[in-house]
Amino acid sequence: MNQVNFRLKEDEKNLLKIIAGLQGIPISQLAKQIVLKEIEPKRVDIAFRMLKEGRCGRKRAWQLSGLSYHEFMNEWSLRNAEEYIPDEVYEKSLNDALSLDLELFRKKS
């Protein structure tokens, strides 16, 4: 687990303390719930924007979206999404494939 810290004004902290007390939970748990609730509806758009910009691949976008794989692929189809592969990655993959020594994989008779 990681920790996120931020500063609050005294009146903001008191408000959180009151709300958390009414719910019977610690302030930290209330803050976490509020942050995750705010992020949830934006996750899919963020994931597909990052995918389009080439900042992540399909698997990472799927994880960021929070959707099941089936839901993600449906969303992929609805958005006509494409995975952006930078030219450098494409060239490296091509060079790696072309430099394979296939003799190592051939069946010896």
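Reply: A definition comes first: angles under 35 degrees count as roughly parallel, over 145 as roughly antiparallel, 65 to 115 as roughly perpendicular and the rest as oblique. Axes are lines fitted to C-alpha atoms, for helices over the stretch in contact, and angles run from 0 to 180 degrees between N-to-C directions. This is a predicted model, in which local features need pLDDT of at least 70 and side-chain atom pairs count only at pLDDT 80 or more, while totals for chains, interfaces and linings use all residues. Residues are numbered from 1 along each chain as its sequence is written, and side-chain values use heavy atoms, with hydrogens and water left out.

Me: In which helix of the protein chain is confidence lowest?

Reply: Confidence is given as pLDDT, the predictor's confidence in each residue, from 0 to 100. The protein chain averages 90, and 99% of the residues score at least 70. The highest mean, 96, belongs to helix α1 (residues 10-23), and the lowest, 85, to helix α6 (residues 87-98).

Me: What is the radius of gyration of the protein chain?

Reply: The radius of gyration is taken over C-alpha atoms, and the globule rule is 2.2 Å times the number of residues to the power 0.38. The C-alpha trace spans about 75 × 30 × 30 Å along its principal axes. A compact globule of 109 residues would have a radius near 13 Å, but the protein chain has 23 Å.

Me: How are α3 and α4 oriented to each other?

Reply: Helix α3 (residues 43-52) and helix α4 (residues 58-65) pack at an angle of about 165°, with their axes 8 Å apart. Contact means heavy atoms within 4.5 Å, and here Arg43, Val44, Ala47, Met50 and Leu51 of α3 meet Arg58, Ala61, Gln63, Leu64 and Ser65 of α4. The two helices are therefore roughly antiparallel.

Me: How are α3 and α5 oriented to each other?

Reply: The angle between α3 and helix α5 (residues 69-78) is about 60°, and their axes are 12 Å apart. Val44, Phe48 and Leu51 of α3 touch Phe72, Glu75 and Trp76 of α5. α3 and α5 are therefore oblique.

Me: How are α4 and α5 oriented to each other?

Reply: α4 and α5 pack at about 110°, with axes 10 Å apart. In this contact, Arg58, Ala61, Trp62 and Ser65 of α4 meet Tyr69, Phe72, Met73 and Trp76 of α5. These helices are therefore roughly perpendicular.

Note on methods. Helices (H or I, at least four residues) and strands (E, at least two) are DSSP runs, numbered from the N terminus.
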